[in-house]
Amino acid sequence: MIPHGQNMFMSVEKKYQWERFWCPSDKSYSLADGGFLVDPDSSWGKSLNPFSVKFQQLSDIPCLILLGEPGMGKTSALEKAYSEFQQNEQKKKIWFDLRSYSSDDRLVHELNSSLEIQEWIKGKYQLTIFFDSLDECLLNVKTVSTVLIEVLKKWPIDRLGARFGCRSLDWPKLLDEELSVLFG
């Protein structure tokens with residue numbers, strides 16, 4: 001029985017505090033633990049998933065792309081990486097949720113007019129941009145890959161870091177190729 005005055009329905013959002021691991025897209029990994037990644041920190045996991053590492057081990061790589069299936073926690077993993085990012089005078093960060101963009105004009109305008117980005121361009125420090133939900137942006141902005149590359153090419157790439165979150169199936173080959181060239 002529900003006490004008088006209390007709502008019968010509650011919204012519950014679960015945020016699992018699982019340790020997440022990253023693996024290069026061209027390497028294999030084992031999901032032999034009931035469809036889950038065999039823990040790379042376990043004795044068997046070290047041999048079954050030798051290429052899977054914690055984000056902290058990758059934090060100095062200039063460009064990282066987190067690909068995964070819908071609902072697997074890509075945004076949560078990026079948010080965690082963003083919150084753990086150690087800012088200082090030599091390193092800054094900024095977040096762009098790409099799902100909210102419905103036109104390439106607006107995206108280009110907001111990237112180029114962002115106060116944080118303008119200060120970074122004039123400055124001498126490193127900036128890391130977190131781009132979440134690229135796949136959702138692609139639903140409305142078919143040219144988002146081209147637009148992002150055109151903008152990034154005009155910036156001091158040697159002082160830029162980028163983190164992308166996208167569904168595996170939706171990751172654009174063009175963006176993959178161009179980011180490889182830009183970031184090495």
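Analyst: Before we start, a residue counts as buried when its relative accessible area is under 20%, and as exposed when it is over 50%. Happy to take your questions on this predicted model.

User: Thanks! Is Ala 162 buried or exposed?

Analyst: Ala 162 lies in strand E4. Its relative accessibility is 0%, and the cut-off for burial is under 20%, so Ala 162 counts as buried.

User: Is Thr 128 buried or exposed?

Analyst: Thr 128 has its place in strand E3, residues 126–132. Beyond its neighbours within four places in sequence, Thr 128 contacts Phe 85, Lys 92, Lys 93, Ile 94, Gly 161, Ala 162 and Arg 163. Its relative accessibility is 5% and the limit is under 20%, so Thr 128 counts as buried.

User: Which strands are the edges of the sheet?

Analyst: The sheet is open, with 4 strands paired in parallel in the order E1-E4-E3-E2. An edge strand here pairs on one side only, which is the case for strand E1 (63–68) and strand E2 (91–97).

User: What angle does the direction of helix H4 make with that of E3?

Analyst: Neighbouring strands of the sheet are turned by 10° against each other on average, direction ignored. Helix H4, residues 115–122, packs on this sheet and touches E2, E3 and E4. Its direction and that of E3 make an angle of about 150°.

User: Which element gives the most residues to the lining of the second largest pocket?

Analyst: This pocket has a volume of about 310 Å³, and 16 residues line it, with Ser 59, Asp 60, Phe 85, Lys 91 and Arg 163 nearest its centre. By class, the lining has 6 nonpolar, 6 polar and 4 charged residues. Helix H2 (74–84), E3 and E4 each supply at least two lining residues. The element that gives the most, with 3 residues, is E3.

Note on methods. Residues are numbered from 1 along each chain as its sequence is written. This is a predicted model: local features need pLDDT of at least 70, side-chain atom pairs count only at pLDDT 80 or more; totals for chains, interfaces and linings use all residues. Side-chain values use heavy atoms; hydrogens and water are left out. Buried means under 20% relative accessible area, exposed over 50%, partly exposed in between (1.4 Å probe, protein chains only). Contact means heavy atoms within 4.5 Å. Two strands pair if DSSP finds at least two bridges between them. Axes are lines fitted to C-alpha atoms, for helices over the stretch in contact, and angles run from 0 to 180 degrees between N-to-C directions. On a 1 Å grid over the protein atoms alone, a cavity is a set of points where a 1.4 Å probe fits but cannot get out, and a pocket is an open set with protein on both sides within 12 Å along at least five of seven lines; lining residues have an atom within 4 Å of a point. Grid points are joined across faces, edges and corners, and a volume is the space filled by probe spheres set on the points. Ala, Val, Leu, Ile, Met, Phe, Trp, Tyr, Cys and Pro count as nonpolar, Asp, Glu, Lys and Arg as charged, and the others, Gly among them, as polar.
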